[in-house]
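The following account is written as a guided reading of one protein model.

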Amino acid sequence: MAALRAVRLGTLARRGLPDTLFGRLALLLIVAVIASHVLALTLMFELRPAHPEHPPGPPGMSPPAMAADGRPPPPPGPGPRGERPGFWNAPPALQLGLLLDISVRLAALVAVAWWAARWLSRPMHRLATAAQELGRNIHRPPLPEDGTLECRDASRVFNQMQAHIRQQLAERDRFVAAVSHDLRTPLTRLRLRTESLGDARAQQLFRRDIAEMDAMIASTLDYLRGVAGAEAWVLLDVQALAESMADDQVAMGHRVTVAGQAAPLRVQAVALRRCLDNLVGNAVRYGGSAEVTLHDAADALTIAVRDHGPGLPPEELERVLEPFYRVEASRNRQSGGAGLGLTIASDIVRRHGGQLVLRNAAGGGLVVAARLPRTAA
């Protein structure tokens, strides 16, 4: 679909046609106005009947006097071959006045056409903007149902779709809450029964299995619930957040460094911290260390996390973002996880209007870059 859209846009660009409704309406109206004026001027100056220089008087009057040289006046009709119509022989003041009148009329009609095109295309632009914002904020205010009949119908259908999606999300949250309660209740009983075991080795194994099950359930439920859905947007010092997270990892015995600078960014703080925790945790788990680099720009902030592990095959760089997918299919306890860390991180970045990109580093290892635009909120 993206390739087809690119081909269509390229065809429009080659033809010199705008690809927006407003642009096409404005172009159509302006061309119609100019064409009508050109046709009217052509009919006025080229096809009008010629007027004699000495129009005949009323019946009964004598014919016009002879010319000074004794020759009769020229007969009525067009001038000599190649002579322009009468407009071009008119006084300059008359020509200027007529051209000024035509220019004012043409400018007024073009301005009206431009305003009409904007007026007609504004509801469609508003609908397109609302559709873009819906992916970032499902609780945005509904569209006003005004304008033409088609615009009112489109706005009404869009509002119904938004209300239906919100209802489905609310039902999903209730379902996840019920499942979370039902799953954690037997885990709590297992923890209590583990404490009554007399074998310390068996207790340790049971606790590790229960902790792994609890982490997998939490990750799965968080993914189903949709992390960072209702969190408020705040202006956050991302650099301080990255350095604080690195200090926590260093305190746990992991080697994590932070380089670069970043100005404050409007984000969902808890969600962004979880995203960075997932990225750094994967780097430490599979590469032994993590290097966090901040690349700040006027339009976006890029947070790149690099490890020095084996990297990924090129065909796996996009598949690892799919839920529950892992390159290592054994799911052993040493590697840990349920294949949702990168999926949740990608979902958080996408909620911020950005994109998570994976690539293999030139010197070995994997680089995961989260690009966060500064206009997302």
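The paragraphs below take up the overall composition, the nonpolar cores, a hairpin, a surface patch and the salt bridges.

The model is predicted, not determined by experiment, and local features are described where pLDDT is at least 70. Its protein chain contains 8 helices and 7 strands. Of the 377 residues in the protein chain, 28% are buried. The accessible surface of the protein chain amounts to about 24300 Å², and carbon and sulfur atoms account for 61% of that area. Among contacts in the protein chain with a separation of 6 or more, 62% are between residues 24 or more positions apart.

In soluble globular proteins, nonpolar side chains tend to be buried together. Here the largest nonpolar core has 38 residues, and those with the most contacts inside it are Leu 279, Val 280, Ile 303, Leu 356 and Leu 358. Helices and strands both supply this core: α6 (238-251), α7 (269-287) and α8 (341-351) are among the elements that give two or more residues, as are β3 (265-267), β4 (289-296), β5 (300-306), β6 and β7. The greatest contribution is that of α7, with 8 residues. Which residues does Leu 279 contact, leaving aside its neighbours within four places in sequence? They are Val 305, Leu 342, Ala 345, Leu 356 and Val 368.

Strand β6 (residues 355-360) and strand β7 (residues 366-373) run antiparallel and are joined by 6 bridges. Leu 358 has Val 368 in β7 as its bridge partner. The hairpin has 5 residues between the strands, and Gly 364 takes a positive phi near 105° in it.

Nonpolar side chains also occur on the surface. Trp 115, Trp 119 and Leu 120 form a nonpolar patch there, with about 370 Å² of accessible area together. Leu 120 belongs to helix α3 (residues 92-134). Leu 120 counts as partly exposed because its relative accessibility is 39%, which lies between the limits of 20% and 50%.

The charged pairs complete the picture. Side chains of opposite charge can pair when their charged atoms come close. In the whole structure, 10 salt bridges are found. One of them joins the side chains of Arg 140 and Glu 133, at 3.2 Å from N to O. Arg 140 has a relative accessibility of 12% and therefore counts as buried, whereas Glu 133, at 32%, is partly exposed.

Two further salt bridges lie within helices. Asp 277 and Arg 273 meet at 4.0 Å, N to O; both are in helix α7, 4 residues apart, about one turn of the helix. Asp 277 is partly exposed, with a relative accessible area of 29%, and Arg 273 is partly exposed at 25%. In helix α8, Arg 351 and Asp 347 are likewise 4 residues apart, about one turn of the helix, and their closest N and O atoms are 2.9 Å apart. Arg 351 counts as partly exposed at 22% relative accessibility, while Asp 347 counts as buried at 16%.

Note on methods: Residues are numbered from 1 along each chain as its sequence is written. This is a predicted model: local features need pLDDT of at least 70, side-chain atom pairs count only at pLDDT 80 or more; totals for chains, interfaces and linings use all residues. Side-chain values use heavy atoms; hydrogens and water are left out. Two strands pair if DSSP finds at least two bridges between them. A nonpolar core is a set of buried Ala, Val, Leu, Ile, Met, Phe, Trp, Tyr and Cys residues joined through side-chain atoms within 4.5 Å. Buried means under 20% relative accessible area, exposed over 50%, partly exposed in between (1.4 Å probe, protein chains only). Contact means heavy atoms within 4.5 Å. Patches are made of residues with over 30% relative accessible area and no salt bridge: like charges are joined within 9 Å, nonpolar side chains (Val, Leu, Ile, Met, Phe, Trp, Tyr) within 5 Å. Accessible areas come from the Shrake-Rupley method with a 1.4 Å probe; for residues, only the protein chains shown count as cover.
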